[in-house]
Amino acid sequence: MITKRRLDYLAYAVFIAGILLAPYFFDEFWLNRFAKYLVYGMLGIAIALSWGYAGILNLGQGLFFGIGAYMLAMSLKLASYTSLQQGSDTPVPDFMLWNAEPGALTDLCCINKGSFLWIPFQAQWFGVAMGIVLPVVVAAIVGTIIFRKRVSGVFVSIITLALVLLVRLVVIDAQPVTNGFNGLTDLGWFTVAGFEFDPYMVETYYLVAISLSVLLVGVRLLTETRAGLILQAIRDSDSRARYLGFDVPVYQIFFFSVSAAIAGFAGMLYVIVAEFASPTFMDLTFSITMVVWAAVGGRASLLGACIGAILINTIEATVSETEAFVEAWKAIIGLIFVLVVVFLPRGLAGFASDVADWALVRLGLRSREDVEAAADGVQPAE
């Protein structure tokens, strides 16, 4: 018998097959661009996990994305040709030479007061590890402070919003160490076992596509574990979960940290395909835009939020490059968001679910009573 769960699995399979077959239909330029959209899809998954499943509206997700991006970008910057041509035995970023203190040695140890922080990033594996570890550590610390104090609702959004703005200011002000507004550009290529991932190679696209596929399936399986079900119970009523004896902050901190790890991983992949890291990743508008992607796709659906991010960015790129809509493309994107919120409050995933229910009932594969019971949160008998 065809069930909603089987249709759900089919949707995952079709989506994964679609992104894996994309290289057969697009050229190198569009593959590189689409790879960036797939990275945004990962951010949609992170928002859906945090907001849709945990009930935590994080308006500072760009912080974790930016941290992940900068960690790997630092290693790739030191691997670039320009960093190896500064008259030193070890690589030194060119912008540090421009901002060097008078008489300072051309070496990471002492070219400026904070340059020593770059020394471990000469090893690419360290940059990759820190791209995951640092976002998780930051999220765990912030989450512990927030959730142990039982901060909830809009106050969590305000705190995360303030945090991302604060870190952005620090990154910009630390010009000699981070290159400030300019960010990190002119990066080397990501290398694994001697193989270099050219951003426009098919192999680089598959690195992103396979990463997204594994991540999507892995997070879906995580939400179906006992911990995932408890998290959803906490989202619906944290006081009831506490009454039943669950340590609510532990679950919230864990999934908040997992969401941060996903964003950090996405940030590293974005650096690989886009070849730069910028403080704009930590702009308020970027973090809010992620929420828009999840809302359009359906925050209660991992796949829906992922597709929403990819779809919105594809439409945005297409419309903004169309001569007739050059001046109005932002208004068009805004209108799409408003229409979805007004007419499809559960996003595209919710609409697709309703269509699937209707089709199953019409085909006689499911009774209307089962559909209504599922809508009320009651599991019908098999």
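Buried means under 20% relative accessible area, exposed means over 50%, and partly exposed lies in between (1.4 Å probe, protein chains only). Helices (H or I, at least four residues) and strands (E, at least two) are DSSP runs, numbered from the N terminus. This is a predicted model: local features need pLDDT of at least 70, side-chain atom pairs count only at pLDDT 80 or more, and totals for chains, interfaces and linings use all residues. Residues are numbered from 1 along each chain as its sequence is written, and side-chain values use heavy atoms, with hydrogens and water left out.

**View 1. Helix H3, a mostly covered helix.** H3 covers residues 61-78. Of its 18 residues, 18 are buried. The expected span of a helix is 1.5 Å times one less than its number of residues.

**View 2. The largest nonpolar core.** A nonpolar core is a set of buried Ala, Val, Leu, Ile, Met, Phe, Trp, Tyr and Cys residues joined through side-chain atoms within 4.5 Å. In soluble globular proteins, nonpolar side chains tend to be buried together.

View 3. Contact means heavy atoms within 4.5 Å. Arg 33 sits in helix H2. Is Arg 33 buried or exposed? Arg 33 is buried, with a relative accessible area of 14%.

**View 4. Helix H8 and its cover.** H8 runs over residues 202-223. Its 22 residues should span 32 Å, and its end C-alpha atoms are 32 Å apart, which agrees. Among its buried residues are Tyr 205, Val 208, Leu 212 and Arg 220. What covers the buried residues includes helix H1 (4-21), H2, strand E2 (195-197) and helix H13 (302-320).

**View 5. The largest cavity.** On a 1 Å grid over the protein atoms alone, a cavity is a set of points where a 1.4 Å probe fits but cannot get out; lining residues have an atom within 4 Å of a point. A search of the whole structure finds 1 cavity of 30 Å³ or more. About 30 Å³ of space lies in the largest cavity. Its lining includes Glu 28, Asn 32, Pro 199, Thr 204 and Val 273. H2 gives the most to this lining, with 4 residues.

**View 6. Ser 287 in helix H12.** H12 spans residues 284-297. Ser 287 is buried, at 0% relative accessible area. Not counting residues up to four places away in sequence, Ser 287 touches Leu 59, Gly 60, Gln 61, Gly 62 and Val 164.

**View 7. Arg 150 in a loop.** Arg 150 lies between helix H5 (124-148) and helix H6 (154-173). Its phi is near 60°, a positive value in a residue other than glycine. Arg 150 is exposed, with a relative accessible area of 60%.

Definitions and conventions. 1 Å grid on protein atoms, 1.4 Å probe; cavity = no way out; pocket = protein on both sides within 12 Å on 5 of 7 lines; lining within 4 Å. Points joined across faces, edges and corners; volume = space filled by probe spheres on them.
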